[in-house]
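Here's a quick walk through one protein model, written for someone who likes cut-offs spelled out. Have a look at the structure first, then read on.

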Amino acid sequence: MDRLTTRRAFASLAAGLALTSTSLVQAQDTGGFPSQPLRIVVGFPAGGPTDVSARLIAESLTRSLGQPVIVDNKPGANATLAADIVARAKPDGYTILMAATNHPINASLYKNLKFDSEKSFAPITAVAVAPTVLVVNPKFPAKTYAEFIALVKSGPGKYTYASAGNGGTPHLSAEMFKGLTGTSIVHIPYRGAAPAVTDLMGGQVDMSFATLGSVLPLLQSGQLRAIAVAAPQRSRLLPDVPTFEESGLKNFRLDSWYGLMAPAGTPKPVIDRLYTDIVKAVSQTAYQQKLNAAGLEPVTTSNPTQFTEQLRHEISTYGALVRANNVVLD
């Protein structure tokens, strides 16, 4: 073996040893995590924005972590069943909750939760956000906000709105709207966004204050029609739909976020590993395009500390909204 070949051989061996050493250090820091499949628990049925967000993350994490990441749908009680499963799970990073904005809202709506909405969880990061949009069945008579508000005010209790369940953002949005406008619209709660939207398309209910992620494809295909968006500016995914502010209704805004949380007590190195891999996924152009296609915008600026502070702030803020608008569980 000549000297050049020998030097190359030693260089290759040194590089291999360095990589092995780095891998061993990382494995020791995380306790060998991950060494088995992971589970992301979703509190809603398949097909809604929370489920879509979870499946896109699971697909990416399966590749980056080298272990299968399974989405487990456990709908019921406005996602509190899923949250309870994760709160009681072993804090080792293998069971994670895909939470949404309903999570901090639930802290005020439910008086006998088996978990603490803040202290029972270790927030990892928010991954997506979507505005609330007022949508109606295509046969609904009103086409503009002015026509809509005149119609519902002319028939108190005549019209119905669908939500993905008691206490979610569609429910709270509608109750806020009713409080701001003095209207009376009947709430029809469903077990998730998908069945609510199905009945809205079928004409069994008249409208929904839906998250954009649950209705964008249906708006694009003409199966539903948008009246206005509850956001400070128009959504770039719905550039032709005005905001409520433009339409004459002030101070009406409610976004929906989607994010991942582990059980409280999960080791920080495991949280950090999950956070790093999730941020890599959310930062990829292909991932963001898939989110946009589902009516969601990526969130790339939420670390565990920021997400924890956001959760604490929203538990307080939404608690005040629930009380001010007298939101009750139907």
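Which handedness does the β-α-β unit made by β5, helix α6 and β6 have? The unit is right-handed, which by definition means that, with the strands pointing away from the viewer, the path from the first strand over the helix to the second runs clockwise.

## Ground rules

This is a predicted model, so local features need pLDDT of at least 70 and side-chain atom pairs count only at pLDDT 80 or more, while totals for chains, interfaces and linings use all residues. Residues are numbered from 1 along each chain as its sequence is written, and side-chain values use heavy atoms, with hydrogens and water left out.

## The β-α-β unit

Helices (H or I, at least four residues) and strands (E, at least two) are DSSP runs, numbered from the N terminus. In the unit, helix α6 covers residues 169-181. Strands β5 (residues 160-163) and β6 (residues 186-189) run parallel, paired over four bridges; pairing takes at least two DSSP bridges between the strands. Thr160 sits opposite Val186 in β6.

## Aromatics around Phe209

Rings of Phe, Tyr and Trp (its six-membered ring) pair if their centres lie within 6.5 Å; planes under 30 degrees apart count as stacked, over 60 as edge-to-face and the rest as tilted. That rule gives 14 aromatic pairs. Tyr161 and Phe209 make an edge-to-face one, because their planes stand at 85 degrees, with centres 6.4 Å apart. This pair links distant parts of the chain, with Tyr161 in strand β5 and Phe209 in strand β7 (residues 207-211), 48 residues apart.

Why is helix α4 (residues 102-109) called largely enclosed by the rest of the structure? Because seven of its eight residues are buried, among them His103, Ile105 and Leu109. The buried residues of α4 pack against α3 (80-87), β3 (95-100), β4 (121-136), α6, β9 (255-263) and α12 (304-324).

Val282 belongs to helix α10 (residues 268-282) and counts as buried because its relative accessibility is 2%. Leaving out residues up to four places away in sequence, Val282 touches Ile57, Val127, Tyr287, Gln288, Pro298, Val299 and Thr300, where contact means heavy atoms within 4.5 Å. Its C-alpha lies 9.8 Å from that of Ala126, 156 residues away along the chain.

On a 1 Å grid over the protein atoms alone, a cavity is a set of points where a 1.4 Å probe fits but cannot get out, and a pocket is an open set with protein on both sides within 12 Å along at least five of seven lines; lining residues have an atom within 4 Å of a point. The largest pocket has a volume of about 230 Å³. Its lining has 13 residues, with Val129, Pro131, Ala231, Gln233 and Asp255 nearest the centre, and β4 gives the most, three residues.

The largest cavity has a volume of about 230 Å³ and is lined by 25 residues, of which Phe44, Ala164, Pro170, Ala193 and Thr211 lie nearest its centre. Volumes are the space filled by probe spheres set on the points, with grid points joined across faces, edges and corners.

Note on methods
Buried means under 20% relative accessible area, exposed over 50%, partly exposed in between (1.4 Å probe, protein chains only).
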